[in-house]
Amino acid sequence: MKKLLCALMVFTIINEVTAQTTIIPNENDSRVITTGMPFLLIAPDARAASMGDMGVATSPDAFSQQWNASKYVFSEAKSGIGVSYTPYLSKLVNDIFLGNITYFNRIDERSAFAVSLKYFSLGDIEFLADEFSTALIQRPNEFTLDGSYALRLSDQFGMAVGMRYLRSDLRLIGVDGDASPASTFGVDISGYYQSEEEAYSDFNGRWRSGFAIQNIGPKFKYDAAGQENFQPTTLRLGAGFDFILDNYNTVAVTAEVAKLLVPTPPILGTEYEYTDNNGNGQYDEGVDTLGNQISDTNGVIYQGKSQDIGFVEGMFQSFGDAPGGFSEELREFTWALGAEYRYQDAFAFRLGYFNESEDKGARKFLALGAGFKANIVNIDLSYLFSASRIQSPLENTLRFSLTFNFGADSYTEY
């Protein structure tokens, strides 16, 4: 039964990114933006997950590659390795997961590089032609290979550029005629600002801010005859402040907003208006007749803009193509608030909240987590509580990350 559920989920993912729907629309219909390879939007590390899936403006760590690679030039450690594991749909199956491994190295005072692998497995799926046949076992998966280079442009500001190879092998041999994997490439551009420590009346403090545009790259197809799919190109903006209470206690608060730079699906189909024949201003059943058709000349799109455009044009169009106007554009932004308490860099407690509009995906959750340091090893844990009417596939899931920092005091940044 579990394998059947896996197979159904695979086909659901494929259908979501390849199917086109024609409907009789309603002004209040939700228009969730869908992309190819949506696993890229899952927070891969426990620290970011415990603060509401944020990381563009938090302090540097080994997993900065996944959020804002320019933070590496502010790392106090010379180099490090981060390993994380995230179970997915753990209430149903035990072999669907997201794994990540990242290595970074701060070359000198002004530059750093990082490489990483992110792997999403949809588990083992068995196929049997009949009761006498040997089972054919397949494991659909997706992964990315990343590399980045960061440069410190001033004492307080750095930027980074990253390259990413993306590969999606979701199509199943024996089910799909063309089972070859889809692949493409993407680019990240990011920046990070960190102020000097400043003295206030009762505490010291430090400001942080960051931006990132991730997964900038061409569209791709899951099969030769299918439609082209956008990558999950994402704009992230964040800012935060560190309350340095004394030499042992620090409280960091951070806020972040994000938006998919992908065109909003237009309202498709054909709409008709009923005509009031008797002039009483009310709908009279059996009396009114179909009136004028409201659509374009092809009878397809009557509100919004076409998604049949290139990825660069799509990025700019995404800021002004929502059929519901400016109010709908605002609902396409997600926001998150997170806080982290650190004691002597040996222990950390984290709390976060993530919010997405009800008609744009309805992801809402509260997260909490903790971190522990033992010599060169950091252990981070996170746990998610869904706050939405739609259950999260990560609800009640324990995620963990391990970080190995080498040369922890090689650089002084604080």
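Strands here are DSSP runs of E of at least two residues, helices are runs of H or I of at least four, and both are numbered from the N terminus. The model is predicted, so local features need pLDDT of at least 70 and side-chain atom pairs count only at pLDDT 80 or more, while totals for chains, interfaces and linings use all residues. Residues are numbered from 1 along each chain as its sequence is written, and side-chain values use heavy atoms, leaving out hydrogens and water.

**The patch.** Now show Tyr248, Tyr343, Phe347, Phe349, Leu351, Leu366, Leu368, Phe372, Ile379 and Phe385, which make a nonpolar surface patch of about 850 Å². Such a patch takes residues with over 30% relative accessible area and no salt bridge, and joins nonpolar side chains (Val, Leu, Ile, Met, Phe, Trp, Tyr) within 5 Å, or like charges within 9 Å. Areas come from the Shrake-Rupley method with a 1.4 Å probe, and for residues only the protein chains shown count as cover. Click on phenylalanine 385, in strand β20. Its relative accessible area is 35%, so phenylalanine 385 is partly exposed (buried is under 20%, exposed over 50%, partly exposed in between; 1.4 Å probe, protein chains only).

**The largest pocket.** Strands β19 and β20 also each supply at least two residues of the lining of the largest pocket, as do α1 (2-18), β11 (234-244), β12 (249-260) and β17 (333-343). The volume of this pocket is about 1400 Å³. It has 50 lining residues, and Pro38, Leu41, Tyr88, Glu356 and Arg363 are the closest to its centre. On a 1 Å grid over the protein atoms alone, a pocket is an open set of points with protein on both sides within 12 Å along at least five of seven lines; a cavity is a set where a 1.4 Å probe fits but cannot get out; lining residues have an atom within 4 Å of a point. Points are joined across faces, edges and corners, and a volume is the space filled by probe spheres set on them.

**The largest cavity.** Next select Leu40, Gln66, Lys118, Gln214 and Asn215, which lie nearest the centre of the largest cavity among its 15 lining residues. Its volume is about 130 Å³.

**Salt bridges.** Display arginine 389 and glutamate 358, whose closest N and O atoms are 2.8 Å apart in a salt bridge (a side-chain nitrogen of Lys or Arg within 4 Å of a carboxyl oxygen of Asp or Glu). Arginine 389 is in the loop between β20 and β21 (398-406) and glutamate 358 in the loop between β18 and β19, so the bridge ties together parts 31 residues apart in sequence. Move to arginine 164 and aspartate 188, which form a salt bridge at 2.7 Å, N to O. Both arginine 164 and aspartate 188 are buried.

**Serine 121.** Finish at serine 121, in strand β3 (residues 111-121). Is serine 121 buried or exposed? With a relative accessible area of 0%, it is buried. Apart from neighbours within four places in sequence, serine 121 is in contact with Asp95, Ile96, Phe97, Arg139, Pro140 and Asn141 (contact means heavy atoms within 4.5 Å).
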